[in-house]
Amino acid sequence: MQLITILLTLTAILTFASGLSVLGGSSKSNKKSSKFFTFSVFFAALWTISVAIFLSLTPTDTEIAKYSIYGIYIPALFMDVCLMVYVGYPYKFVRGFGLFMAMGAAILSGLLIYDPSILYSNFTLSHELNSVALNLNWFYYCYAAFYFINTIVLLTALIFRVKKTKNRGLKNGLLILGAGTAVAGSLMLIFDVLLPLKDYSLIWIGPMALSIVMISHYYAVLKYRIIKLNSGWLKALSYAIILATVATVYMLFFYIIFTAIFKTPNPSSAIIIFNVLMALIFILLIPAINEISSFVRSLISTDQVDLIYATKKLDLMQKAKKVNLNELAGFLADHLHFTYVGLIINEKLYGSEAKQLSSNDLKILKKLDEPKRGVWQTPTAEAKEVFDNNELTSVAILTDEKDHVIGQIIFGKVQNKVESTRRELIQLEMLTRLASIIVEKSKKDKK
């Protein structure tokens with residue numbers, strides 16, 4: 001059960017982080033409904049952690065077991081009510097019904113705390129499997145009916161919202177959220193309400209199913225903006241979702257592979273801890289791996305420019321405290337796949353390599369007419385001679401924010417190609433304009 005405890009803990013972290021992100025980042029128009037989502041995931045996290053604690057208890061932890069059973073059966077009631085109100089918040093009936101169901105949840109919780117025997121006769125703690133002997137009586141029927149009614153109202157409210165909304169994106173987002181909720185709700189009903197009466201070993205599946213709701217909700221927020229989050233909180237939510245999902249998938253694969261190879265479902269604590277650490281290290285290395293992968297891909301793909309990577313790097317150069325124009329020229333040559341790139345600023349040449357143009361050559365290039373459109377200059381007969389002598393192919397102007405010429409950029413031959421396509425020339429012009437911003441910044445820094 002050690003691995004299940006870790007997976008449930010990851011699910012709880014994922015759930016709680018989602019709630020905080022939605023509450024902190026939602027707009028004023030979504031703030032009230034978002035509070036119910038946050039309350040729902042708070043109770044969901046308590047439920048998940050309680051299941052994890054109960055399954056990890058030893059035979060001597062009888063006092064803790066009583067409280068963890070409360071944690072399994074009480075927070076889940078309020079979680080369901082808050083999720084129902086969140087989904088059906090636009091409707092007064094759902095909000096009013098939610099208040100009624102919250103009172104019902106409070107009554108059921110009070111009865112359970114006052115007399116735990118109405119729910120279970122005893123519980124078993126062992127090194128193999130912890131379980132609760134549930135009583136099939138009026139209380140349990142009410143408990144099961146509570147979930148069933150909540151789920152029906154939730155899905156009905158969702159269907160009404162889908163039918164009434166004219167926004168196609170919102171409709172798709174609600175459908176995705178509804179599908180995730182329906183799948184997770186079915187799993188919870190089966191493995192946490194019905195099956196525990198006979199077999200308590202799979203009670204952890206219900207809390208794990210919460211991740212389906214969280215991921216479907218995240219996708220609906222990200223893709224279809226069913227609620228409006230500011231970019232900062234959306235990034236935080238994305239990071240939490242991705243990290244928790246990667247860690248959960250990693251541990252599930254480890255569990256499957258370990259069981260298949262060693263024919264035992266219970267790896268030692270040392271092996272579990274080692275794999276948790278490996279998962280954390282892998283997750284922390286993901287940004288570095290992506291960066292290295294993008295860098296290598298941008299260098300080796302000489303048949304095309306990695307526009308996203310080049311734009312990102314030029315943006316970072318522009319934000320740097322000090323700009324090295326030779327490094328800028330070298331970057332452009334490497335990642336735009338030219339044999340040479342040079343920047344002519346104030347009749348001085350900054351190049352990707354030690355190519356020397358005479359002062360007379362620089363003067364000839366400087367005399368070229370400014371283009372009427374775009375950035376590319378048309379070479380004169382004299383300039384063509386300079387091109388031929390120095391293996392250059394094109395020249396473009398660099399301008400400041402007021403469109404005043406502040407320099408020129410010259411290009412050598414395209415690697416592994418005779419000439420650039422029209423699409424590549426458009427990309428090159430855009431990147432040339434970004435380079436202009438960096439050059440302008442370097443000139444301001446020198447003043």
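**Aromatic pairs in a helix**

Guide: Helix α6 spans residues 138-164 and contains both Tyr143 and Tyr147, which lie four residues apart, about one turn of the helix. The model is a predicted one. The centres of the Tyr143 and Tyr147 rings are 5.1 Å apart and their planes stand at 65 degrees; since an angle over 60 degrees counts as edge-to-face, the pair belongs to that class. Tyr143 and Tyr147 are both buried. For Tyr147 the relative accessible area is 11%, and the residue is therefore classed as buried because the limit is under 20%.

Tyr147 also pairs with Phe146: their ring centres lie 6.2 Å apart with the planes at 85 degrees, so this pair too is edge-to-face. Phe146 has a relative accessibility of 6% and so counts as buried. Ring pairs join Phe146, Tyr147 and Tyr143 with Tyr73, Trp138, Phe139 and Tyr140 in a cluster. Over the whole structure, the search finds 19 aromatic pairs.

A ring may also take part in a contact with a charge. The charged end of Arg95 sits over the ring of Tyr89, at 4.9 Å from the ring centre.

Lys319 is exposed, its relative accessible area being 60%, whereas Asp315, at 36%, is partly exposed.

Another salt bridge is formed by Lys366 and Glu347, whose closest N and O atoms are 3.4 Å apart. This pair links distant parts of the chain, 19 residues apart: Lys366 lies in helix α13 (residues 359-366), and Glu347 lies in the loop between β3 (341-345) and β4 (348-351). With a relative accessibility of 52%, Lys366 counts as exposed; Glu347, at 45%, counts as partly exposed.

Glu429 and Arg433 likewise form a salt bridge, in which the closest N and O atoms are 3.2 Å apart. Because Glu429 and Arg433 are four residues apart in helix α15 (residues 422-446), about one helical turn separates them. Arg433 has a relative accessibility of 38% and counts as partly exposed.

How values were computed
Residues numbered from 1 in each chain as written. Predicted model: local features only at pLDDT ≥ 70, side-chain atom pairs only at ≥ 80, totals over all residues. Heavy atoms only, no water. Phe/Tyr/Trp six-rings, centres within 6.5 Å; stacked < 30°, edge-to-face > 60°. Helix = DSSP H or I, 4+ residues; strand = E, 2+ residues; numbered from the N terminus. Buried < 20%, exposed > 50% of the residue type's maximum accessible area, 1.4 Å probe, protein only. Lys NZ or Arg CZ within 6 Å of the ring centre and 35° of its normal. Salt bridge = Lys/Arg side-chain N within 4 Å of Asp/Glu carboxyl O.
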